[in-house]
Amino acid sequence: IAQCLVGSEMCIRDRVIKMSSLGDIIHALPSLYALRELFPDACITWAIHESFAKILPGKPWIDNVYVIDRKRIKKINYLLQVRKDLHKKQFDLVIDLQMIAKSGLISFLTGCHERIGYNDARECSGLFSRAISGKYKNGHIIEQLLDVIRYLGWQGSGIHFPLHDYKNELSVVRKKLSEAGVIGKYVLLVPGTRGENKKWPIGYWGELAKRLAKKGIFCIISGTVGERPMADEIRRIAQSKYVVDFMGKTNLLELIALEKMAAVHVSSDTGPLHIANAVGTPIIALFGPTLPYRSGPYGKRYSEVLLAENPGHGVTNMGTISVEAVYDSCMKKLSL
């Protein structure tokens, strides 16, 4: 949950709620940028799950981070403690940028009377925060969230992603790549995503890596430790030293560095795709059940979206995106 609490210019205390997931938090960062631009002297607190907290920038963007323990959020004693903690802060404004049941609950527990959120109020969250609609009500999620800040008076333009400083992680990741024998450009492959219906077939990933490897192009496979069987299968198919497993080998800030240094990012609709978008890495996005007009890479002319047949449905077959199409897109971007 990401929650933003803002106070007045004299001493505005503002809370932003956006607790999860990774992609959702990235989508909310332009709203944080706009909020700070609108209220340069406000005290801003962001409520978030611990696993994503490190991606948030520090000052001047955020003054405080309040960590929500997702494992305890259904326990009364814990919620009473959260209520006590948040009441002490005496927020003037709460902004719910997630608008689901748990973010709505955290909004309510602040005790703040002025609670607003973006237009898509789900799971009864509209009972806790007033949903704000703007001209981008049916547009990309980034613009929908920015509509809330526009409602508060922001009249700026442009999309900016304030991220935690990751300069040190660039050096760490360069060393890891060197130790793995990676030299020069690499394509970052992220085969995992939440939702089986959004996954491109693992055999296709293996064939893509095999074709790129035959051209002497390094492929780095990124993801979590639990997704390592996918990396094993990709490497089994590719049978090449140019295909390197980085599953579970980077923390969140190192993942940002890995994305930043990649020549091309390839994935379906997943959090790392939105990190790649935030740091300006060329993207090949594979979409099917979810539609890119709402949650695809936004505002980057070097991003390309390949759509499965019959997109926008839960039964969309991601296998209708061919290996040839993805490979050709990779080669075009690598030649730029």
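What follows covers the overall build, the confidence and one residue up close.

This is a predicted model, so local features need pLDDT of at least 70, side-chain atom pairs count only at pLDDT 80 or more, and totals for chains, interfaces and linings use all residues. Residues are numbered from 1 along each chain as its sequence is written, and side-chain values use heavy atoms, with hydrogens and water left out.

**Overall build**
- You'll find 11 helices and 13 strands in the protein chain; these are DSSP runs, with helices (H or I) of at least four residues and strands (E) of at least two.
- The C-alpha trace spans about 60 × 45 × 40 Å along its principal axes.
- Of the 336 residues, 54% count as buried, meaning under 20% relative accessible area with a 1.4 Å probe, protein chains only.
- Take the contacts (heavy atoms within 4.5 Å) between residues at least 6 apart in sequence: 61% of them join residues at least 24 apart.

**Confidence**
- The average pLDDT, the predictor's confidence in each residue from 0 to 100, is 92, and 94% of the residues score at least 70.
- Over residues 1-11, pLDDT stays under 50, and the model has 77 contacts there beyond four places in sequence.

**A look at Gln144**
- Gln144 sits in helix α4, which covers residues 141-151.
- Is Gln144 buried or exposed? Gln144 is buried, because its relative accessible area is 4%.
- Leaving out residues up to four places away in sequence, Gln144 touches Tyr118, Asn119, Tyr136, Lys137, Asn138, Gly139 and Arg294.

Methods:
Buried means under 20% relative accessible area, exposed over 50%, partly exposed in between (1.4 Å probe, protein chains only).
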